[in-house]
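Notebook open. I went through this structure for its disulfides and for the residues annotated in its record.

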Amino acid sequence: MAAKGSTTLPLYQRYVNGVPVPQGRKTLRLREKYIILLVFMTFTIVCLCAFMFLPNMQDKVSYDIRKKIDEAGGDLFIPRQRNAPDGSPLEMHIDDDLHKSGRLSNSNNNDLLKNKIETWQKEKVMSEISKILKPEDVKAIKEGLVSDKQLFLEQKKEEERKRKAQLDEEAKKVKKDHEGHPGARGGEPTDPQIKAKRDKVKEMMSHAWHGYEKYGWGANEHRPISLKSHSGSIFGAGELGATIVDAIDTLYIMELDEEFKKARDWVALNLNFDMPADLSVFETNIRFVGGFLSAYALTGDQMFKQKAKIITDKLLPAFNTPTGIPYAVVNLKTGSSRNYGWASGGCSILSELGSLHLEFDYLSAITNDNTYKDKVLKIRDFMKNIEKPEGFYPNYIHPVSGKWCQVHVSMGALGDSFYEYLLKEWLISNKEDAQARQMYDDAMKTVYEKLLVKSKSGLTYFAEYKSGRLEHKMDHLACFTAGMVALGAEGSDNKEKYVSIGADLANTCHESYIRTATGLGPESFRFEGETEAKAIRQNEKYYILRPEVVEGWFYMWRLTKDIKYRDWAWEMVQALEKFCRAEGGFTGIKDVYQVPPQLDDVQQSFFLAETLKYLYLIFSEDSLLPLDKWVFNTEAHPLPVKGVNPASAQ
């Protein structure tokens, strides 16, 4: 309908480009012909360009389609002929929708087509079967198929279970290189009172162990108050069972046989080092390698030797430095190594690089592989020949440049076991390693001259040296020196002198214990003004179940037979029972001068490896782990003396 107000055009008129034209005209005007010709030429040019410049997809499409068809085989468009149960051929039709949608020519939907055909085939077969069989028969067949599948899966699971059980049983079998060696067990005291004290220590070990077994099994440590595993240890959150490995020789020595067997089987079946964990080379060596080697020396069980080799091989990438001095941390999975950023600008730590020799040397002996021994000998040679500032071995050295990082010297943290291992390398060699003994004597000569101090009241202690001045502080860690100095008296130029110094140091460390409210010593104690053998700073007042004080008393007892060392050890047992015992084991305390103390809720693995072991030994006869046949590493794991102990393999 025309718009309002418009008029209707005459019938003879029409419009050409908006101009009315009479209907009777039969020809076009010249301008109109030009326009038509121009449109035609434009269309022709566009078509020619399209033909010449657009890519030719014919070959590619044809090739892709042919390839898909070849892969699908003859079943792509015409599935294989299938017969019904009576032998007659089944009719087969391809879904018309596929033809209509063009999917047969689309290679991206080839899988859809196959699934469609397979589904149709299954439905068709089931349809034909249902015509012959009753519904209940079809249902029974379906259920039977499902049942057969489940039975097959269960059989596979059962086969896997049996295979794993066989492997586990094989791992549980103990294959021995020897049957154990002198003084590995026994040492029961004849004095009933001393025996009762030793039995009490054994009960403490049982309590600590079973608490871990119940609340932290497989973890590195556990929390005896909150009754859960502790993942904040130096070994991270990975379940490496540090407490199990650290405590296993203590369990054996104390004749806790059921506990030992469970620990041994866990190591054999569950301990796996193939994980992306960053571990301290030092701590892994003294706890894991030392723990395995000690268990091997005590029992002859080949499994412990194998585990020691596996974990030590994981540490070796850390030794790939120009000096041979290892980095502090290594990743078990990748082998990448680094030093701690806080350690004087990424330097290596003296106590860590120096506390490898006992374990690596013994591992080479029992495996007939000098790889490990060569590593530690290279470190020793480098340390022997390097220039010592003022005769000292400072606490930090760079593993690449071989330069000392700062002149800080301590017989406690960062330095301690470097000196200990020099002496013990001489002892474990049956006193034949003259180089180790000479290095020990030279190092300690400077320490005695410059760090050994007497307080105003006559207490003897080792101060620390920092860039030309003394800091009158002694760590709990440094209390091990009481035993080391006394042990070093044999073979020195003045035996009585050094036994006397050991006794003085043991007494000073005892004073640090009895001057607290709990009867347990602080992490560090100072000698400043009127203050002697007491912690001043809050961050030095904690006690984390450390063994170094009782370690010194143990050696002094063995060397002097002075009954006061057993008395002091018993006082320590009572203090531990009163302030550190918890439902799930034993805990450290945050302030030894406060009663009741705050508890830190961590049972350290070294409490079972060292503290309780030394307490047990101090109440045992000397026939248990005699010092002429065994040498303790810095984690209290006994290793055999060469030549006199058959476990040394020499």
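Which hand does the disulfide of cysteine 347 and cysteine 405 have, and why? I looked up the torsion about the S-S bond, which is about -90°, so this disulfide is left-handed. I note here that the model is predicted.

**Entry 1: the disulfides**

I found two disulfides. I then placed the two ends: cysteine 347 is in the loop between strand 7 (337-338) and strand 8 (348-349), and cysteine 405 is in strand 10 (residues 404-406), so the bond ties together parts that are 58 residues apart in sequence. I also checked accessibility at each end. Cysteine 347 has 3% relative accessibility and counts as buried because the cut-off is under 20%. Cysteine 405, at 27%, counts as partly exposed.

The other bond I looked up joins cysteine 479 to cysteine 509, with an S to S distance of 2.0 Å. Cysteine 479 sits in the loop between strand 16 (473-475) and helix 16 (481-487), while cysteine 509 belongs to helix 17, so this pair ties together parts that are 30 residues apart in sequence. The value about the S-S bond is -100°, and the link is left-handed. Cysteine 479 and cysteine 509 are both buried.

Counting bonded cysteines along the chain, I get the pattern 1-2, 3-4. I also looked at cysteine 580, which counts as buried at 0% relative accessibility.

**Entry 2: the annotated residues**

I turned to the UniProt record, an unreviewed entry, where the annotation "active site" covers Glu283, Asp416, Glu523 and Glu548. I compared these with the lining of the largest pocket, which includes Glu283, Asp416, Glu523 and Glu548.

I took glutamate 523 next. Its place is the loop between helix 17 (495-514) and strand 17 (524-528). With a relative accessible area of 9%, glutamate 523 is buried. Leaving out residues up to four places away in sequence, I list its contacts as Asp475, His476, Glu540, Tyr542, Ile544 and Arg546.

Then I looked up glutamate 548, which lies in helix 18 (residues 548-560). Glutamate 548 is buried too, its relative accessible area being 8%. With the exclusion of residues up to four places away in sequence, glutamate 548 touches His476, Leu477, Cys479 and Phe480. I noted that the side chains of glutamate 548 and histidine 476 are joined by a polar contact of 3.1 Å.

**Entry 3: cross-reference**

His476 is on the contact list of glutamate 523 and also on that of glutamate 548.

Definitions and conventions. Residues numbered from 1 in each chain as written. Predicted model: local features only at pLDDT ≥ 70, side-chain atom pairs only at ≥ 80, totals over all residues. Heavy atoms only, no water. UniProt positions renumbered as here; feature names shortened; annotations may be inferred. 1 Å grid on protein atoms, 1.4 Å probe; cavity = no way out; pocket = protein on both sides within 12 Å on 5 of 7 lines; lining within 4 Å. Helix = DSSP H or I, 4+ residues; strand = E, 2+ residues; numbered from the N terminus. Buried < 20%, exposed > 50% of the residue type's maximum accessible area, 1.4 Å probe, protein only. Contact = heavy atoms within 4.5 Å. Polar contact = N/O pair within 3.5 Å; in protein donor to acceptor, adjacent residues only side chain to side chain. Disulfide = S-S within 2.5 Å.
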